Amino acid sequence: MTDPEGIKTWVYSYLQSTKRIAPEYTFIQKPAGRGQLRFICEVRAIRDYIMLAATGAIFRLRRNRQLKIKEGCSNECCTGLCKLSYPRGSRSSICSTLEKGEATFSTPTCSGNSWNTSEVRPTAPARDRVNANNNDNSNYINRIYDQKKLEEAEEVDLTADIHGGWSMENAKSRLNEYLQATKQEMGKEEYTALGPDHNRSYAAELTIYAKGLRKFLCARGSGSNKQMASRACCLSLVRQLFHAGEIEAFTGEKKKKKHDEVPPTAVTVDPSLEHSLTRLLDDLGLQPLLQPPKVSSPDQPYNMITHYNLTDFEESPKQPPQLVAWCPPQPNWNPWTGCNIDEGPYASLPPEQINAQLAEEHAQMVHRNPQLRGILEDRAALPVNAYQQSVIETVRLNQVTLIRGETGCGKTTQIPQFLLDSFIQAGAGAECAVLVTQPRRISAISLAERVAFERGETVGTSVGYSVRFESVLPRPYGSILFCTVGTMARKMESGLRGISHIIVDEIHERDVNTDFMLVLLRDMIAAHSGLRLVLMSATIDTSMFVDYFGDCAILDIEGRTHPVDYYFLEDCIEMLNYVPPCDERKRKRRLEASQDAEIAEENCNDICDPKYGSAVANAMREITEKEVPFDLVGRLLEQIASMNIPGSILVFLPGWNIISLLRKFLQAHPRFGSTDYLILPLHSQVPREDQRLVFRSPPPGVTKIVLSTNIAETSITINDVVFVIDFCLVRMKLFTARNNLTSYSTSWASKTNLEQRRGRAGRVRPGYAFHLCR
């Protein structure tokens with residue numbers, strides 16, 4: 001029946017109209033398995049007619065518009081309820097409809113002292129109407145939820161006690177045990193589909209042989225799916241076997257295995273063997289317990305030997321910590337592969353001849369490539385070129401050198417070349433092998449390609465890179481290798497033999513691998529005086545590294561960046577007269593969270609300088625720190641377009657999911673989704689061929705918008721960037737020692753990160769940076 005409340009009202013109205021007494025209710029609490037309790041309600045009315053229903057079953061089936069009544073309920077009850085006159089349809093048809101659970105009763109209305117009951121008529125099954133609603137609302141999850149609740153309701157059994165306690169939860173396993181005991185194979189169940197496709201149910205049929213009865217037993221069960229139909233069929237067979245005396249009642253205990261029922265057997269021991277065992281125990285100093293101890297269960301094992309004498313082993317001497325193996329460049333040794341040079345032109349050449357060959361190639365490099373002159377002029381124009389001799393002398397005289405160079409000075413690409421060219425020009429090119437670490441894959445690969453381009457070579461000649469799953473190694477003598485920190489740590493396992501200089505770039509980006517690498521490098525510096533270590537960054541805390549490494553040389557290099565005007569969230573809202581869109585659901589959630597003292601977090605956007613005015617303060621309160629205001633980004637891009645300043649736009653986002661969402665938002669925008677704008681993502685998941693697109697200049701009249709994580713914050717340079725939009729967020733990898741798991745967390749970027757991101761906008765002309773935080 002579709003409406004339990006309407007049915008209850010209809011019954012009361014009928015009893016009043018026939019001058020019957022009010023029904024009597026009796027509630028019985030009964031466990032239903034799975035740690036749940038169900039309540040059985042008995043309703044007595046109309047000549048002691050009894051109707052039973054379980055509250056759990058009615059509640060769970062209400063979503064499917066069905067009402068399950070106990071199987072043994074008399075049809076006379078339906079007859080008593082249907083003694084009204086029905087102009088449409090006979091009483092028998094209504095009773096049959098009631099038995100199927102498909103009748104609909106409308107709620108009666110009261111007029112004065114009389115009750116008027118509307119016509120009771122059979123309607124279409126309720127599940128058809130639910131299915132139609134699901135199609136309209138696309139409630140796929142609701143249908144799965146309804147199916148699960150329906151299966152739980154089908155397991156409700158109020159008559160298990162009179163059938164030996166066998167229910168759908170334990171019947172199938174007992175049937176399998178019976179078939180195994182009688183040496184029968186589990187027959188193949190035959191399934192029959194019932195009903196239309198949108199309201200499909202199944203019936204299962206199975207036949208077994210009852211050995212004690214010497215006849216076959218057949219059963220048929222139905223359910224909402226094949227599994228429920230099979231369980232209902234097995235339940236019917238088990239109950240038949242129980243009433244026939246073939247199986248016992250369900251006791252809740254598992255049947256004991258046959259090997260547990262084996263009776264004890266007396267064993268005699270040869271006296272000589274007993275004497276040998278006694279003598280052995282005396283020699284070992286073990287005294288057996290002759291009387292068995294008292295145990296709570298005879299199945300509980302016990303140990304007859306209570307005293308143990310463990311052998312003490314001598315403590316081994318502690319092994320001293322081993323340093324990472326290192327030696328200066330050696331003949332016939334490839335530092336990048338960590339093995340001897342067995343073939344090739346360098347396998348048989350002496351070091352003197354290799355030095356002369358490298359010096360000759362370097363001298364003729366400009367004559368062979370006329371385009372290299374223009375590249376050398378561009379390199380000479382970089383700010384770091386004025387410090388070339390200072391860098392070379394400082395690194396030569398000091399084991400550890402700290403270089404603090406401003407953004408855009410060219411330190412990452414030029415300092416490795418300064419060191420290599422100085423050795424080649426001095427006739428000692430074979431004694432130089434520079435290893436440069438980078439925090440990210442794209443940095444190592446793009447820098448290797450850039451440095452090789454500046455030297456007029458292809459990657460793999462004097463410049464190479466090594467990242468996870470991909471390596472292009474340079475020549476073994478007089479070369480530079482760019483690698484990630486993880487690759488560097490892997491190389492340390494086999495040693496760093498043959499490497500003369502180690503450059504750790506972007507040292508301010510601290511993580512577990514970088515700190516572990518610095519620990520090993522400090523020990524190597526103390527043990528090997530010939531190794532040179534260079535630490536570089538644009539924002540480095542020199543005092544901390546000086547205290548850690550001891551005697552260090554510090555070199556400051558000025559940059560050549562154009563001025564950058566930067567604005568924060570309050571300035572952007574005031575500039576754009578931005579008003580956040582009204583969203584009642586978000587506002588309600590924020591209000592509920594603020595009222596809960598345990599969940600509430602401090603929202604710094606609620607704090608606004610009074611100089612900005614009340615309008616800006618109200619707009620900031622509507623933007624929580626956890627939100628990513630895409631509409632504000634769209635307004636900023638419109639403001640940038642109205643400035644008519646050529647240049648690309650770089651947007652810093654915390655992760656790939658936000659990049660994808662903002663990309664879809666911009667592509668659906670009527671203005672930025674046109675061909676006048678080129679939207680490019682920059683992330684480690686993007687293929688390398690697509691990553692290179694961000695370095696290329698767009699066609700004339702097209703504005704490039706790069707959506708990037710902090711991968712574009714350091715090491716790589718997009719030369720045509722003029723505008724930076726920064727969400728001030730960063731995705732960090734966290735390690736939890738308690739459960740030994742690594743996770744990623746989105747947190748605020750530091751002021752150092754904001755300075756780095758701001759510096760991306762002042763490479764070619766004065767730039768603008770918009771930080772969406774206060």
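In what order do the six strands of the open sheet with parallel pairing stand? The order is β21-β28-β25-β22-β24-β23, where strands are DSSP E runs of at least two residues and helices are H or I runs of at least four, numbered from the N terminus. Two strands pair if DSSP finds at least two bridges between them. At the edges are β21 (564-567) and β23 (677-682), each pairing on one side only.

The model is predicted: local features need pLDDT of at least 70, and side-chain atom pairs count only at pLDDT 80 or more, while totals for chains, interfaces and linings use all residues. Residues are numbered from 1 along each chain as its sequence is written, and side-chain values use heavy atoms, with hydrogens and water left out.

Strand β23 runs parallel to β24 (residues 703-708), and six bridges join the two. Leu680 stands opposite Val706 in β24. Helix α23 (residues 656-667) lies across β22 (648-652), β23 and β24, with contact meaning heavy atoms within 4.5 Å. This helix runs at about 170° to β23; axes are lines fitted to C-alpha atoms, for helices over the stretch in contact, and angles run from 0 to 180 degrees between N-to-C directions.

The protein chain as a whole has 25 helices and 28 strands. Val267, in the loop between α8 (226-243) and α9 (271-284), is by contrast exposed, with a relative accessible area of 68%.

How values were computed:
Buried means under 20% relative accessible area, exposed over 50%, partly exposed in between (1.4 Å probe, protein chains only).
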